[in-house]
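Let's take a walk through this structure together, one neighbourhood at a time.

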Amino acid sequence: MPARDAVVLTNGPTWDVKSGRKDGRVSLATNVDLRSQATSIISLPNFFAAHGFNTEDFVALLGGHTIGTAACKFIIERIFSINGSVIDLTIDPLFLAQLQSSCPINGDGSSRVALDTGSELVFDTSIFKNILNGHAVLKTDQSLFSISDDIVKTLINLTQKQRFRKAFATVMPRMSEIRVKTGVNGEIRKNCSKVN
Ligand code: HEM
């Protein structure tokens, strides 16, 4: 519900959120199947496909980065050659300079930069235009451009406002139905971030 409300408050589409989902009785970080920045982007479409999502679902979901910010620590190794990293040459050079100035090499890793430069407070399609122009902030977002022609075509399709809104509002409720617990294996949490 907070995710849906954040989208609505930033001019995005709305969808029904079913309440009463049963979650696990144990909550351990080691049990969570989340993708990190270290995840190979190539594996992501398969990861989503395994949960029944097609290319448009997958790309629309990552379009969630049309709002919000990321901590500099998540991009520092992408924009400087440090700790054995090499600068990511898929970044547009002018945008690279902009990111380097927002997240300086010895700066505060917890400073934040917009995920969708120029439009982080509005749910719109500029995240896809930014990816197509080499202006994505996260490596995973920029890498979408290099996975396949099918994904590039989808990025272009989703620059159509109505198409993105519809795809996003359709896929988000499906996300919340992944791996719902049943019977005694789960409980309806009083506070969604911790077990009862
Ligand atoms: C492969 C999948 C994904 C990866 C690797 C990823 C990665 C990240 C990272 C590194 C951040 C910055 C976190 C921070 O600085 O604290 C972030 C923020 C965010 N992500 Fe994702 N993300 C993914 C999928 C999604 C999806 C599916 C959505 C929504 C449908 C989403 C919505 C957001 C939002 C709204 C923020 C901003 C949070 C804020 O402003 O505090 N992400 N993501």
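At what angle do helix α3 and helix α8 pack, and how far apart are their axes? Before the answer, two notes on reading: residues are numbered from 1 along each chain as its sequence is written. This is a predicted model, in which local features need pLDDT of at least 70 and side-chain atom pairs count only at pLDDT 80 or more, while totals for chains, interfaces and linings use all residues.

Now to the helices. Helix α3 spans residues 55–62 and helix α8 spans residues 149–157; they pack at about 60°, with axes 10 Å apart. Axes here are lines fitted to C-alpha atoms, for helices over the stretch in contact, and angles run from 0 to 180 degrees between N-to-C directions. The helices (H or I, at least four residues) and strands (E, at least two) are DSSP runs, numbered from the N terminus. The angle makes α3 and α8 oblique to each other; angles under 35 degrees count as roughly parallel, over 145 as roughly antiparallel, 65 to 115 as roughly perpendicular and the rest as oblique. Their crossing is right-handed: a crossing is left-handed if the near helix is turned anticlockwise from the far one by less than a right angle, and right-handed if clockwise. On the α3 side the contact is made by T55, E56 and V59, and on the α8 side by D150, I151, T154 and L155. Two residues are in contact if their C-beta atoms, placed from the backbone, lie within 7 Å. Sorted by class, the contact of α3 with α8 has three nonpolar, two polar and two charged residues. Here Ala, Val, Leu, Ile, Met, Phe, Trp, Tyr, Cys and Pro count as nonpolar, Asp, Glu, Lys and Arg as charged, and the others, Gly among them, as polar.

Helix α3 also meets helix α9 (residues 161–175), where the axes come within 9 Å and cross at roughly 95°. That angle is why α3 and α9 are described as roughly perpendicular. From α3, the residues making the contact are E56, D57, A60 and L61; from α9 they are F164, A167, F168, V171 and M175. By class, this contact of α3 with α9 has seven nonpolar, no polar and two charged residues.

Next, follow the chain into the loop between α3 and β2, which holds H65 and T66. The UniProt record (unreviewed entry) places a "binding site" feature at H65, and its "binding site" annotation also covers T66, D116 and D124. UniProt positions are given in the numbering used here, feature names are shortened, and annotations may be inferred rather than shown by experiment. How far apart in space are T66, D116 and D124? They are spread over 59 residues of sequence, yet they cluster, with a largest C-alpha distance of 9.5 Å.

T66 counts as buried because it has 24 C-beta neighbours inside 10 Å. A residue is buried if 20 or more other C-beta atoms lie within 10 Å of its own, exposed if 12 or fewer, and partly exposed in between, with C-beta atoms placed from the backbone. Setting aside residues within four places in sequence, T66 is in contact with D116, F123, D124, S126 and I127. H65 is buried too, with 22 other C-beta atoms within 10 Å. Beyond four places in sequence, H65 touches L115, D116, I127, L138 and D141. D124 sits in the loop between β3 (112–114) and α6 (126–132), and its 20 C-beta neighbours inside 10 Å make D124 buried. With neighbours within four places in sequence left aside, D124 is in contact with T66 and S119.

For another part of the model, look at G24 in strand β1 (residues 22–24). G24 is partly exposed, with 15 C-beta neighbours inside 10 Å. Leaving out residues within four places in sequence, its contacts are K181 and G186. G24 and F123 are 99 residues apart in sequence and 31 Å apart in space, C-alpha to C-alpha.

Finally, a word on backbone angles. Most residues other than glycine have a negative phi. N11, however, has a positive phi of about 80°, and N83 has a positive phi of about 50°. N11 lies in the loop between α1 (2–9) and β1, and is exposed with 12 C-beta neighbours inside 10 Å. N83 lies in the loop between α4 (76–79) and α5 (93–102), and is exposed with 7 C-beta neighbours inside 10 Å.
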